[in-house]
Amino acid sequence: MIKPMQSAALALATALAPLTLPMDAMAAERALDKEVVIAAGLDQAWAAWTSREGITSFFAPEAEIDPRVGGAFHIHFNPLAAAGDKGADESRFMALQPRQMLSFDWNAPPHLPLARAQRSFVVLRFEVVDASHTRLRIHHTGWGDGGEWDKAYLYFDKAWESVLGSLRKRFETGPVDWAPWLAQLKAMAAAPAPAPVLAPAASR
């Protein structure tokens, strides 16, 4: 006969069994992992991600940055767009461990509205290489499956490589000059909208 204490221990072991399975026996969570080494000390690397001046030096031409839990991490790739379509308009810092780790929620670009209406999240870790070099690792997870989620995953697989490449160049050759990009955006905004295509009179 199983005694009450033995029964409780058996129930607990049964409940915890899934947690003791090898990781490869559990469903793998889809994620993007990227890294870069930049020619910047740890303080400079941290400031690049936690200040408006830092973000606009490599990431986007405009930003609103409030480095605290729940604070704004608003990245405006198109400052001329309507509110909600500028980029990561509503993203927020989720956690900050000074000069070690930060995380923020993230959304898909406007051309993927179903995925954009939801959120994934990004963890960024900082590691000292030496006094003048820092390694940054990005881990982007929280993805759904299929449809626009798959398209968003492929989009950011390339986009994060571009962002980290821009960050590396920022500390090698200087901040990004956003003037050409902004001029292009202004030209696009000023261009007349194409005239609607009407069906031939005979078919109306």
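Modeller: The volume of the largest pocket comes to about 620 Å³. This is a predicted model, in which local features need pLDDT of at least 70 and side-chain atom pairs pLDDT 80 or more, while totals for chains, interfaces and linings use all residues. Residues are numbered from 1 along each chain as its sequence is written, and side-chain values use heavy atoms, without hydrogens and water.

Colleague: What makes a residue part of the lining of the largest pocket, and which lie nearest its centre?

Modeller: A pocket is an open set of points on a 1 Å grid over the protein atoms alone, where a 1.4 Å probe fits, with protein on both sides within 12 Å along at least five of seven lines; a lining residue has an atom within 4 Å of a point. The volume is the space filled by probe spheres on the points, which are joined across faces, edges and corners. There are 30 lining residues, and Phe77, Asn78, Lys86, Tyr155 and Trp181 lie nearest the centre. Strand 4 (87-88), helix 5 (147-173) and helix 6 (179-190) each give two or more residues to this lining. Helix 5 has the largest share, seven residues. Helices (H or I, at least four residues) and strands (E, at least two) are DSSP runs, numbered from the N terminus.

Colleague: How many residues of this lining are nonpolar, polar and charged?

Modeller: The lining has 21 nonpolar, six polar and three charged residues. Ala, Val, Leu, Ile, Met, Phe, Trp, Tyr, Cys and Pro count as nonpolar, Asp, Glu, Lys and Arg as charged, and the others, Gly among them, as polar.

Colleague: Why is the pair of Trp49 and Phe59 called edge-to-face?

Modeller: Rings of Phe, Tyr and Trp (its six-membered ring) pair if their centres lie within 6.5 Å; planes under 30 degrees apart are stacked, over 60 edge-to-face, the rest tilted. By this rule there are 18 aromatic pairs. For Trp49 and Phe59 the centres are 5.6 Å apart and the planes at 70 degrees, so this pair is edge-to-face. Trp49 is in helix 2 (residues 42-50) and Phe59 in the loop between helix 3 (52-55) and strand 2 (62-65), so parts ten residues apart in sequence are tied together.

Colleague: What puts a charge over the ring of Tyr153?

Modeller: The test is NZ of Lys or CZ of Arg within 6 Å of the ring centre and within 35 degrees of the ring normal. The charged end of Arg30 sits over the Tyr153 ring, 4.8 Å from its centre. Arg170 lies over the face of Phe171, with 4.6 Å to the ring centre.

Colleague: How do you know that strand 6 (residues 101-106) is largely enclosed?

Modeller: Buried means under 20% relative accessible area, exposed over 50%, partly exposed in between (1.4 Å probe, protein chains only). Six of the six residues of strand 6 are buried, so the rest of the structure largely encloses this strand. Met101, Ser103 and Asp105 cover one side, and Leu102, Phe104 and Trp106 the other.
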